[in-house]
Amino acid sequence: MENPSYFYTIQLDNEQITNIFWADAQMIMDYGEFGDVVAFDTTYKLNSAHKSFASFVGFNHHSETVIFGATLIYGETADSFIWLFRRFLEAMSSKALKTIFTD
């Protein structure tokens, strides 16, 4: 059963998963309130498949870290990142980033 408060999308290539992005209702609401500055980091490769786990994060008005979305990137190509950022904007009702920090 689909959950309208949970956004996820999967990119397939020849019926194989190439990328996954997800955000729940709290992440989407937090982005609407605190998404002016976003950090995007792809340095986590601790899973068994050695695929990049990346997160979109920011800070709330209490200087606490909030997560806006997460992804598993199976191929760190330009096409993968274009797909990812388009899905991120789709999840966030097309509210564009003002500032992004990345590695």
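Predicted model: local features only at pLDDT ≥ 70, side-chain atom pairs only at ≥ 80, totals over all residues.
**Aromatic rings, a hairpin and a nonpolar core**

Serine 94 is exposed, with a relative accessible area of 58%; here exposed means over 50%, buried under 20%, and partly exposed in between, with a 1.4 Å probe and protein chains only. Residues are numbered from 1 along each chain as its sequence is written, and side-chain values use heavy atoms, with hydrogens and water left out.

Let me turn to the overall layout. The chain contains two helices and six strands, in the order β-β-α-β-β-β-α-β from the N terminus. Helices (H or I, at least four residues) and strands (E, at least two) are DSSP runs, numbered from the N terminus. Of the 103 residues, 34% count as buried. The chain exposes about 6700 Å², and carbon and sulfur atoms supply 56% of that area; the areas come from the Shrake-Rupley method with a 1.4 Å probe, and for residues only the protein chains shown count as cover. Contact means heavy atoms within 4.5 Å. Among contacts between residues at least 6 apart in sequence, 52% join residues at least 24 apart.

I return to serine 94, which belongs to the loop between helix H2 (78–91) and strand E6 (99–102). Serine 94 has a positive phi of about 65°, although it is not a glycine. Asparagine 14 is exposed, with a relative accessible area of 70%. E1 and E2 form a hairpin with two residues between the strands. The two strands pair in the antiparallel sense over eight bridges, where pairing requires that DSSP finds at least two bridges. Tyrosine 6 has aspartate 24, in E2, as its bridge partner.

Next, the aromatic residues. The structure holds 12 aromatic pairs. Rings of Phe, Tyr and Trp (its six-membered ring) pair if their centres lie within 6.5 Å; planes under 30 degrees apart count as stacked, over 60 as edge-to-face and the rest as tilted. Phenylalanine 40 and phenylalanine 81 make an edge-to-face pair, at 6.3 Å centre to centre and 90° between the planes. This pair links distant parts of the chain, since phenylalanine 40 is in strand E3 (residues 37–44) and phenylalanine 81 in helix H2, 41 residues apart. Phenylalanine 40 is buried at 4% relative accessible area, whereas phenylalanine 81, at 21%, counts as partly exposed. Both belong to a cluster linked by ring pairs, together with Phe7, Phe21, Tyr31, Phe56, Phe68, Phe85 and Phe88.

Tyrosine 31 has a further neighbour: lysine 95 lies over the face of its ring, 5.3 Å from the ring centre. The criterion is NZ of Lys or CZ of Arg within 6 Å of the ring centre and within 35 degrees of the ring normal.

Finally, the core. The largest nonpolar core has 18 residues, and those with the most contacts inside it are Phe21, Phe56, Phe68, Leu84, Phe88 and Met92. Such a core is a set of buried Ala, Val, Leu, Ile, Met, Phe, Trp, Tyr and Cys residues joined through side-chain atoms within 4.5 Å. The largest share, four residues, comes from H2. Phenylalanine 88 touches Phe21, Tyr31, Phe56, Phe68 and Leu97, not counting residues up to four places away in sequence.
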